[in-house]
Amino acid sequence: MTGHTAPPPSTHRRSTTALALALPLALLGATTAVAWSWKDVLPDPVASHWGTDGVDGFASLTGAVAVPLIVGTAFVVGLWAFAWYRGALASTRRLINGTNVWLAAFLSVVTLGMLHLQKGLADAADVGGIGGVIVLALGLATVAGVLVALLTPAGAPRPTTDPVPADASRVPLGDAERAMWFRRVRGGAGLAVGFLAAAATGTLAIATGDWWMLLVPVGTVALVASMFSWIVRVDDTGLSVRSSLGIPRSHIPLDEVVQARATTVRCFAEFGGWGWRTARDGRTGILLRSGDTLEVTRTGGGIFVVTVDDAATAAGLLNTLADRVRRTDAVE
């Protein structure tokens, strides 16, 4: 196993704090304030949990509000801290910023929605279903999360003119020759787990008659499709990796490639799972299965990996093209 250097320092810490910490905590805080302002028009206790036959759990207003507030705050602070220290790559910051806002928005809408349904009731057991609230929460949270991810600032370009290390692999290529390497990668254990989860929740929705729950398998299928089918391309623009759905995507231009190499990774041991992952040492990338991997060290110290067959050819071509663009820039 080859060691890795310490991760590069995070960038855009102000925007990360605003989007991944301040905004989600403000949503959770506002939700708590609004819920508490309804105290006099809510039953005591309030309905706090729904099962297949309706309400099956009750709690004080304090308890009903405290649980999502505490859980949401702990999750938000934890991910923000990770982005603060290891959010050098824009893709990492987009993922964390969007996730934190999505979670805060979802918890806020669910909490206020379930309480709003109970306003004016003498007995919380008389409240109806919560399916409409869940649908609304999923929709609003997804829109908010996507918008915040799009608003996350991109990293500043960091071109270099330093040559690729002499011991890095190369692909023989004449000065006038052009070449492109392309692979489609899909599948892996994560794909099977995702579709099994979608099938299970879909079956449960049909069995219970809670049709709103069908949004869960639909969302799961969309997530699986975006995370477990990728197109990897090396050409004279650099390395491009994009989901088969078009988003998410990542691009490393040739003048930001320090070195590429073929290596191997263990998904769980090094990255904690499959999909778009960030390791504890700061490496970021696309992991569909353990094994052959293309690893690219970027200017600034960031490392991007993608599990793909024939990684050695991709690495060699990327190094050759990176060398060529440096020679061209030097001549100009």
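This is a predicted model: local features need pLDDT of at least 70, side-chain atom pairs count only at pLDDT 80 or more; totals for chains, interfaces and linings use all residues.
1. **Two domains.** The chain is divided into domain 1, covering 12-151, and domain 2, made of 181-188 together with 219-330. Notice that domain 2 is written as two stretches of the chain.

2. **Where the domains meet.** Which residues take part in the contact? Domain 1 puts in six residues and domain 2 puts in nine residues. Between them, an area of about 590 Å² is buried, and carbon and sulfur atoms give 63% of that area. On the domain 1 side, look for Arg86, Leu89 and Ser91: these lose the most area to domain 2, and together they make up 65% of what that side buries. The size of an interface is often given in just this way, as the accessible area lost when the parts come together.

3. **Salt bridges.** Side chains of opposite charge can pair when their charged atoms come close. The model has nine salt bridges in its count, yet the count between domain 1 and domain 2 is zero.

4. **The largest pocket.** Now turn to the open space in the model. The largest pocket holds about 2000 Å³ of space. Its lining is built from 46 residues, and those closest to the pocket's centre are Leu95, Thr99, Leu223, Ser226 and Met227. Sorted by class, the lining has 26 nonpolar, 15 polar and five charged residues.

5. **Who lines the pocket?** Which helix gives the most to the lining of the largest pocket? That is H6, with ten residues. Several other elements each supply at least two residues, including helix H2 (61-86), helix H3 (90-116), helix H5 (189-208) and strand S8 (275-278). Both domains are represented too: domain 1 and domain 2 each provide at least three residues of the lining.

6. **Two backbone details.** Finally, here are two spots to check along the backbone. The peptide bond from Asp44 to Pro45 is cis, with omega near 5°, and Pro45 lies in the loop between helix H1 (13-37) and strand S1 (46-51). Asp310 is not a glycine, but it has a positive phi of about 60°. You can find Asp310 in the loop between strand S11 (303-307) and H8.

Notes: Residues are numbered from 1 along each chain as its sequence is written. Side-chain values use heavy atoms; hydrogens and water are left out. On a 1 Å grid over the protein atoms alone, a cavity is a set of points where a 1.4 Å probe fits but cannot get out, and a pocket is an open set with protein on both sides within 12 Å along at least five of seven lines; lining residues have an atom within 4 Å of a point. Grid points are joined across faces, edges and corners, and a volume is the space filled by probe spheres set on the points. Helices (H or I, at least four residues) and strands (E, at least two) are DSSP runs, numbered from the N terminus. Ala, Val, Leu, Ile, Met, Phe, Trp, Tyr, Cys and Pro count as nonpolar, Asp, Glu, Lys and Arg as charged, and the others, Gly among them, as polar. Domain bounds come from an automatic or database domain assignment. Contact means heavy atoms within 4.5 Å. Buried area is the accessible area (1.4 Å probe) that two parts lose on being put together, summed over both. A salt bridge is a side-chain nitrogen of Lys or Arg within 4 Å of a carboxyl oxygen of Asp or Glu.
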